[in-house]
Amino acid sequence: WFLTRALPVLKNGEVLKWIGTSTDINEFKNLVTQKDTFLGIASHELKTPLTSLKLYAQVLERMLKKTGDEKNAEFAKKMDLQVVKLTSLIGDLLDVTKINSGKIHLNESDFDFEKLVLETVEELQMSTLHKIKLKTENVGTVFADRERISQVITNLISNAIKYSPDAVEILVDIKNEGNFAIFTVEDFGIGMPEDKKAKVFEQYYRVSGDEQNTFPGLGLGLYIAAQIVERSNGKIWVESTLGKGSTFCFSLPLVDRKIN
Ligand code: ADP
């Protein structure tokens, strides 16, 4: 790092003197690498016991249901849901270490975008009371990592649900625009201030505020989503009004533009 400030400049534009301070950031870089390595190992180690926990919770739920113990079966189901949440948090930490070390691998193929959105929404609808209103059309084929794009859709819809606790519905829509498929999710929740819109895609960034602080999170989901979309040659953006709601969108290039 070299912070330099130019001092007097001659009439011909030539700089007479420079002053500067130099700081060796190698130590800082090493610390960041160590932090990422630690996060990677810790997340990986945490995943294994969670996989067994999930299995036990599911077996327990089934057994309790068989014996007609609906109340305890419900507890076992809640345990399972908490394990799913933990697994997803750990998955985010692992993804970030992969992204930061340039080791994220995208398993790309051609797939039908509408089909993936339908599948992902169907899955999400099972675990939320919000009505996910879906408007789709056959937008065509995209070339990307199907699982990773499903992760992006899941993240955006889950955020829409999470940040609109008093709303009853969220709107999901896909369409064609030029040579791109556009995915949109609109919620009627807490929204965010205009000047925070670009920041939410940064690593560990969370909007602060009395209301915002009541929602738990690591501030990683949108960073990961943005990295995946950008590496798939798409764009991600948000429109939002504080107190009214947000609309998150992303685009992906189409392989074969649908001709109407
Ligand atoms: P997390 O939700 O874990 O904090 P994200 O990366 O998914 O992390 O989101 C970053 C921040 O962006 C959130 O902390 C929140 O402040 C804001 N945000 C994301 N989605 C929404 C939304 N639908 N409505 C309002 N704010 C949102």
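Helices in this account are DSSP runs of at least four residues, numbered from the N terminus. The model is predicted.

Start with helix H1, which covers residues 26–66. Leu-55 is found in this helix. Its relative accessible area is 52%. Exposed means over 50%, so Leu-55 counts as exposed. Together with Val-59 and Met-63, Leu-55 forms a nonpolar patch on the surface. The accessible area of the three together is about 280 Å². An α-helix has 3.6 residues a turn, so residues three or four places apart point the same way.

Now turn to the ligand. Around the ligand there are 20 residues. Those that come nearest are Asn-159, Tyr-163, Asp-187, Arg-206 and Leu-222. An N or O atom in the side chain of Tyr-163 is 2.7 Å from an oxygen atom of the ligand. For Asp-187, a side-chain N or O atom is 2.9 Å from a nitrogen atom of the ligand. The backbone takes part as well: a polar backbone atom of Leu-218 lies 3.1 Å from a ligand oxygen. How much of the ligand does the protein bury? Taken alone, the ligand exposes 530 Å², and the protein buries 96% of that.

What kinds of residue make up this shell? There are 11 nonpolar, six polar and three charged residues. Helix H4 (146–162), helix H5 (221–231) and strand S9 (245–257) each supply at least two of the shell residues. H4 gives the most, with three.

Nine of its 11 residues are buried, so H5 is largely enclosed by the rest of the structure. Among the buried residues are Gly-221, Leu-222, Tyr-223 and Ile-224. Leu-222 is also one of the residues that come nearest the ligand.

Finally, look at the backbone on either side of H5. Most residues other than glycine have a negative phi. Tyr-204 is not a glycine, yet its phi is positive, about 65°. Tyr-204 sits in the loop between strand S7 (180–186) and H5. With a relative accessible area of 35%, Tyr-204 is partly exposed. H5 is followed by Asn-233, which also has a positive phi, near 65°. Asn-233 is found in the loop between H5 and strand S8 (235–241). Is Asn-233 buried or exposed? Its relative accessible area is 60%, so Asn-233 is exposed.

How values were computed. Residues numbered from 1 in each chain as written. Predicted model: local features only at pLDDT ≥ 70, side-chain atom pairs only at ≥ 80, totals over all residues. Heavy atoms only, no water. Patch = residues over 30% accessible without salt bridge, like charges linked within 9 Å, V, L, I, M, F, W, Y side chains within 5 Å. Areas by Shrake-Rupley, 256 points an atom, 1.4 Å probe, with all protein chains shown as cover. Salt bridge = Lys/Arg side-chain N within 4 Å of Asp/Glu carboxyl O. Buried < 20%, exposed > 50% of the residue type's maximum accessible area, 1.4 Å probe, protein only. Near = heavy atom within 4 Å. Polar contact = N/O pair within 3.5 Å; in protein donor to acceptor, adjacent residues only side chain to side chain. Nonpolar A, V, L, I, M, F, W, Y, C, P; charged D, E, K, R; others polar.
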